[in-house]
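Student: Hey, can you walk me through this one? I'd like to get to grips with the ligand and the spaces inside.

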Amino acid sequence: MKMRKTVFFSIFVALLVIFGCKNIRQQPNHVIKRGMLADSGMVVSANALASQVGVEILKKGGNAVDAAVATGFALSVCYPNAGNLGGGGFMVFRFANGDVATLDYREKAPISAHKDMFLDEKGEVVEDMSMYTRAASGVPGSVDGMLEAHKKYGKLPLSELITPAIKMAENGFKLSSRQARQFNRLKKIFVKLNKNRIAFVKNEGKWEAGNLLVQKELAHTLQLIKEKGRDGFYAGETANKLVAEMKKGNGFITLEDLKNYHSVWRKPIVGSYKGYKIITMGPPSSGGIALIQLLKMVAPFGLEKYPVNDAKSMHIMTEAERRVYADRATHLGDADFYPVPTDNLLNNKYLVQRMDDFNPDEASASEDIKAGKFANRESEETTHYSVVDKWGNAVSVTTTLNNSYGSRIVVDGAGFLLNNEMDDFSIKAGVPNMYGLIGGKANAIESQKRMLSSMTPTIVEKRGKLFMVVGSPGGSTIITSVFQNIINVIDKGLGMQESVSSPRFHHQWQPDKIYYEKNRFDTTVLGKLKNMKHRVSERSPIGRVDAILVLPNGQLEAGADIRGDDAAAGY
Ligand code: DON
């Protein structure tokens with residue numbers, strides 16, 4: 001019976017991959033490779049052109065950090081819904097000698113930001129203000145982050161890493177059908193929010209797949225960064241343009257904010273799961289702590305006993321997710337401003353106890369689950385890409401403007417989109433953000449604080465060697481997407497592409513529902529979950545995981561998500 005299920009599942013995945021590839025081959029730019037193997041180096045990202053830029057850097061002798069930086073700049077051109085100059089992100093590094101590091105280039109609240117900035121006189125949330133206005137923007141961190149990573153670990157000159165992006169912006173690139181559709185759909189809002197014409201808006205007619213998107217102003221901004229480094233963005237012409245853009249609306253970012261912005265090297269969050277070492281991102285991301293909590297909570301339950309997305313397996317994982325997201329809402333925030341109880345949250349005894357009330361046959365109710373209490377307190381669009389070089393160095397990067405195209409406001413004359421990351425703060429205690437996440441004091445707005453993130457760029461090590469590089473966009477679903485892929489590979493024995501292609505589900509404590517990808521789950525599995533008193537709800541695709549797995553023979557296997565235009569490049 002189990003055998004039959006496995007055969008059916010394999011056929012299903014194969015069909016999906018074939019269907020996905022067929023779809024993508026119709027894109028005018030390129031043939032997308034999925035599940036590809038490479039002997040030396042690999043980049044998997046949301047866009048084939050960006051992956052190719054990264055691999056060319058590897059072929060030239062650049063290391064994984066050089067390739068990550070070049071891919072990041074390229075994504076700011078060819079994947080404008082999340083690749084960015086005006087956003088922020090996190091990088092997790094594992095070097096061939098086993099050293100690890102993490103870089104936080106998350107956006108910060110402007111100096112003049114305050115707790116009630118998105119509330120009216122009555123204390124009510126002003127609709128959309130934290131999402132589609134100039135006030136929604138945190139001080140961008142991406143450019144500083146990429147330059148900082150390069151300064152510390154890069155091998156090739158910065159100019160070589162930015163030039164491909166400049167050329168792509170200057171000469172244009174061909175839109176995929178997905179991108180053309182998105183621009184057409186967003187035309188009205190782009191026109192409403194931007195006073196002057198922006199590159200994403202076609203004056204007449206509709207965008208079509210294969211049309212060239214030329215971004216001259218963005219090319220100029222990239223050129224300034226190439227020539228002046230940090231000052232090409234955080235001072236002078238670009239900074240002045242950004243501040244002028246703020247003044248067109250109710251924006252908060254000043255020249256002083258830009259001058260003061262600096263990314264921060266943070267201590268990585270490191271945990272273990274069944275002998276594998278998990279290296280991931282700490283606060284201001286909640287992702288790393290939550291991921292390690294999830295893995296440790298499910299470890300005693302032997303998930304390897306159940307097939308992928310079996311009801312029992314989903315039940316155990318959901319119950320862990322419910323408890324972890326309850327902790328997230330109370331305890332997680334920017335550790336520079338709030339005493340995040342990291343050691344308590346990751347304590348083995350605490351995590352075992354947390355599942356004491358787990359019932360193998362019945363769902364708990366989220367209203368009965370509260371965040372853990374500790375006696376001693378310690379003082380929809382993002383994008384992920386994974387890079388491995390021929391030396392075995394690995395970089396895992398997740399970067400974002402927050403939702404697709406951020407605030408949808410382009411800095412006039414500078415050609416880049418502003419983030420709307422302020423919505424990731426808890427703008428009012430108990431009021432859900434755009435991902436339905438709630439929070440309180442730990443994640444309240446404060447001047448120069450970083451808003452809490454779910455981004456979970458992660459690297460997994462097996463017996464002292466690189467094993468997997470993984471991450472995803474998807475707001476609150478990022479953590480559970482990364483969690484499921486680690487479980488799929490370690491416990492269920494799936495390959496990287498098979499794992500990335502397999503159906504996903506998600507629970508985040510509140511709302512008390514298992515969300516599952518529409519048309520991808522067996523109705524008998526859903527029926528079993530309902531019998532266990534789980535509330536289930538179908539939704540659009542969850543996350544877009546781009547990952548690399550090191551196979552036992554040392555080859556690299558890509559997992560490029562079939563849910564987008566994601567693609568691997570390798571050599
Ligand atoms: O940092 C965060 O958690 C969110 N700003 C991420 C947003 C995101 O993943 C949107 N993607 N679909």
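Tutor: Let's take the ligand, then the cavities. This is a predicted model, where local features need pLDDT of at least 70, side-chain atom pairs count only at pLDDT 80 or more, and totals for chains, interfaces and linings use all residues. Residues are numbered from 1 along each chain as its sequence is written, and side-chain values use heavy atoms, leaving out hydrogens and water.

Student: OK, which residues come nearest to the ligand?

Tutor: Thr382, Glu421, Asp424, Ser454 and Gly475, out of 16 residues around the ligand (around means a heavy atom within 4 Å).

Student: And which side chain has a polar atom 2.7 Å from a nitrogen atom of the ligand?

Tutor: That's Glu421. For ligand oxygen atoms, Arg106 has a polar side-chain atom 3.0 Å from one, and an N or O atom in the Ser453 side chain is 2.7 Å from one. Such polar contacts are pairs of N or O atoms within 3.5 Å.

Student: Where does the ligand sit?

Tutor: In the largest cavity, with more than half of its atoms within 2 Å of the cavity's grid points. A cavity is a set of points on a 1 Å grid over the protein atoms alone where a 1.4 Å probe fits but cannot get out.

Student: What lines the largest cavity?

Tutor: There are 27 lining residues (an atom within 4 Å of a point), and Arg328, Asp424, Asn433, Leu437 and Leu452 are nearest the centre.

Student: New topic: which residues are closest to the centre of the second largest cavity?

Tutor: Ser76, Gly83, Asn84, Phe416 and Leu417, from a lining of 13 residues.

Key
A polar contact is a pair of N or O atoms within 3.5 Å; within protein, one must be able to donate a hydrogen and the other to accept it, and residues adjacent in sequence count only if both atoms are side-chain atoms. On a 1 Å grid over the protein atoms alone, a cavity is a set of points where a 1.4 Å probe fits but cannot get out, and a pocket is an open set with protein on both sides within 12 Å along at least five of seven lines; lining residues have an atom within 4 Å of a point.
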